[in-house]
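Have a look at the structure, then read on.

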Amino acid sequence: MLYIHSLQEAEEVFKALSTPMRLRIMELIYKNNHLSMNDLADALGLTNSAISLHVGKLENAGLVTIQTTSGKRGVMKIVQPIYGRLIVDMTPDSQPGTRPCYQDSISVGHYAFADVHPTCGLSNSKNIIGELDEPRVFSYPERFSAGILWIGWGSILYNLPNRLNPGQRLTELQISFEISSECPETNEDYPSDIYFEINGISLGKWISPGDFGARKGMLSPIWWSELLNQYGLLKTLIINRNGTFIDGTHNQISKTTIMDLNIDYNSNIDFKFSVPKDTANCGGMTLFGEDFGDYSQNILVKAYYENISGDDRQTTR
């Protein structure tokens, strides 16, 4: 899958796909990835120079590769597609410099503590780690390569990086992740109460509507079974001076503020996902990393801060 992070970055791809003839070329090589330049020219009624020009545009945009091989009539150039899917992030990021911010990407396998109960498991993009429904695999060193994890109930704790320096005060935390419920096999209607904490302080809960599997996850490996978790929803926790919100400040989930967390440059930032066994909707939890699901990202953390004067530092102690 080709993931493009902005419209500007996608410009060359858009140009390459801007003509019906090049779209037709892409359609043909997806149907048969052993077509040569001569095959394409014959199929489309083009000269060799014209097909070379069109394929060259696609190659320069990173959409196709050309493999040279021996054929009955000498050397053949085989045109093959590189990616099966294309995703373009059309929402521009906030203008740099608007608010100072530290940003980190944390893979789902880089947790500091796991209390997990079946159904459960871990996988990277190449294979399932250990055995399914075996909690002890969450202690295996291979877990650091995990791109997806799921639990029936329990908790997963991440130690988030604290990049604050003396003289900097945390004003907002944003934590973004792809998440769903965890049902044996899949179930679109399978609610789960998923709770969030930082340093033991409750941030509230969000109810996941289901464990989605009606279609293949856009990023999931080809070998990934259709009976396993396919994709989740992209959610963003926001903790600021007004409280804790999810997916924007219109949806408050608790009154816990950034000041309540009392985080300074010396603090640990321990962030926990949990699904208690005795909650009303104990539907488990699945976390997707950049190699699984629908969104090419790990757990993303943005820590917004402000610089404070010496007097301010005295008053905050």
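Asp247 is partly exposed, at 29% relative accessible area (buried is under 20%, exposed over 50%, partly exposed in between, with a 1.4 Å probe and protein chains only). This is a predicted model, so local features need pLDDT of at least 70 and side-chain atom pairs count only at pLDDT 80 or more, while totals for chains, interfaces and linings use all residues. Residues are numbered from 1 along each chain as its sequence is written, and side-chain values use heavy atoms, with hydrogens and water left out.

- Most residues other than glycine have a negative phi, and most peptide bonds are trans.
- Asp247 has a positive phi of about 60° and sits in the loop between β14 (243–246) and β15 (252–254); strands are DSSP runs of E, at least two residues, and helices are runs of H or I, at least four, numbered from the N terminus.
- Asn262 also has a positive phi, near 55°; Asn262 is exposed at 62%, in the loop between α5 (258–261) and β16 (269–275).
- The Pro118 to Thr119 peptide bond is cis, omega near 0°, and Thr119 belongs to the loop between β6 and β7 (121–123).

**Sheet**
- Five strands form an open antiparallel sheet in the order β6-β9-β16-β11-β12; pairing takes at least two DSSP bridges between two strands.
- Its edge strands are β6 (113–117) and β12 (201–208).
- β6 pairs with β9 (153–160) in the antiparallel sense over 5 bridges, and His117 has Trp153 as its bridge partner in β9.
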